[in-house]
Amino acid sequence: SNRLRGKTILITGASSGIGRSTAFEFARSCPEDLKLILTARRINSLKQIATDIIKEVGNGVKVLPVQLDVSDAEQIRGFVGNLPTEYKEVDVLVNNAGLVKGMAKAPDIAEEDMNITFATNVTGLINMTQAVLPIMLKRNKGNGAGDIINIGSIAGREGYVGGSIYCASKAAVRAFTDALRKELISTRIRVIGIDPGQVETEFSVVRFYGDKARADAVYAGVEPLTPEDVAEVIVFAVGRRENVVIADTLMFPNHQASATVLHRKP
Ligand code: NDP
Ligand code: 8X3
């Protein structure tokens, strides 16, 4: 039987890239019975995605789009309390929302870029986790209490030039994920860390403040992962037997061996 059946799945950063693909992948993997809570700042994109998911898989999947800026602690506090009753029992939290602004080297990093990066990737992820954990802990009764999936990056394992704030933020995600798994060891909550290498999404467009040409140059001569590739791994991890924790995953496209070792076709 389908282990995803009946689950309520909350995804941050679901308006684009990996988060969006993860929403579709969950829906396709359990079209008969699933609830998706899709969050991001761009509510119109979320509404469109909700419509498209139901168009594709039918209305066995229920989708709730909610505007939520994870960098705003106040919004997170209100969000969980205001979930409609039928969506309150969150089983799976996918902490995916994340970004970086700029590729400046110290000492030229804009304070604003640093602040938004940490407020989203680190503080936002921790606040979301703290907001949702009580729901999972309350349900914790010996089986399947819940899953927390944190999206890190190869950048969290290895620094690269022009990546210091992003790398530091993702190293923080990795450290938080590791400590959290230990803190929750007496529960049945699974803490799952996934660190992708290059994935072609809006990530680089956002990093370069909307400069599409500069973003495209990042992927010139290489074949990056698709957001679907990462979504498949997320859904696979959640779909394992309850006693199986896919704790720590590093995934690359074939041309990549580290944050800095990439083979580019001339
Ligand atoms: P995208 O830019 O395509 O998607 C990022 C998502 O995060 C968007 O849905 C965006 O929605 C959301 N987001 C950004 N800021 C906030 C915020 N303050 N509150 C809520 N949502 C927010 O990039 P990716 O899909 O690539 O990124 C997803 C995750 O994957 C990130 O954590 C990223 O660091 C990580 N990652 C990406 C890699 C890559 O090469 N692309 C590699 C490894 C990890 P909105 O703007 O509507 O709020
Ligand atoms: C994004 C991957 O290497 O471009 O997480 O920083 S990288």
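Where does Y209 lie? Select Y209 to find out: this residue sits in the loop between α6 (203-207) and α7 (212-218). Helices (H or I, at least four residues) and strands (E, at least two) are DSSP runs, numbered from the N terminus.

Before going further, note that this is a predicted model, in which local features need pLDDT of at least 70 and side-chain atom pairs count only at pLDDT 80 or more, while totals for chains, interfaces and linings use all residues. Residues are numbered from 1 along each chain as its sequence is written, chains are lettered from A and ligands numbered from 1 in the order in which they are written, and side-chain values use heavy atoms, with hydrogens and water left out.

**Two backbone stops**

Stay on Y209 and check its backbone: phi is positive, about 55°, although Y209 is not a glycine. Most residues other than glycine have a negative phi, and most peptide bonds are trans. Y209 is also exposed, with a relative accessible area of 52%. Here buried means under 20% relative accessible area, exposed over 50%, and partly exposed in between (1.4 Å probe, protein chains only).

Next, select A106 and P107, which are joined by a cis peptide bond with omega of about 10°. P107 belongs to the loop between β4 and α4 (111-139).

**Ligand 1**

Now show ligand 1 with its surroundings, counting residues with a heavy atom within 4 Å. The shell holds 30 residues, and the closest are S16, R41, D69, Y166 and T201. Draw some polar contacts (pairs of N or O atoms within 3.5 Å; within protein, one must be able to donate a hydrogen and the other to accept it, and residues adjacent in sequence count only if both atoms are side-chain atoms). A polar side-chain atom of S16 is 2.5 Å from an oxygen atom of ligand 1. For T201, a side-chain N or O atom is 2.6 Å from a ligand 1 oxygen, and for I18 a polar backbone atom is 2.8 Å from one. Taken alone, ligand 1 exposes 880 Å², of which the protein buries 96% (Shrake-Rupley method, 1.4 Å probe; for residues, only the protein chains shown count as cover). The elements giving two or more residues to this shell are α1 (17-29) and α5 (164-183).

**Helix α1**

Select α1 by itself. How many of its 13 residues are buried? Ten are, so α1 is mostly covered; among them are I18, T22 and F26. The buried residues pack against β1 (8-12), β2 (34-40), α2 (43-57), β3 (61-67), β4 (92-95) and α8 (227-238), with contact meaning heavy atoms within 4.5 Å.

**Ligand 2**

Move on to ligand 2, surrounded by S153, A155, Y160, Y166 and F203. Taken alone, ligand 2 exposes 240 Å², and the protein buries 84% of that.

**Last stop: A247**

Finally, pick A247, in the loop between α8 and β7 (248-251). A247 is partly exposed, with a relative accessible area of 24%. Leaving aside neighbours within four places in sequence, A247 is in contact with R181, V191, I192 and G193.
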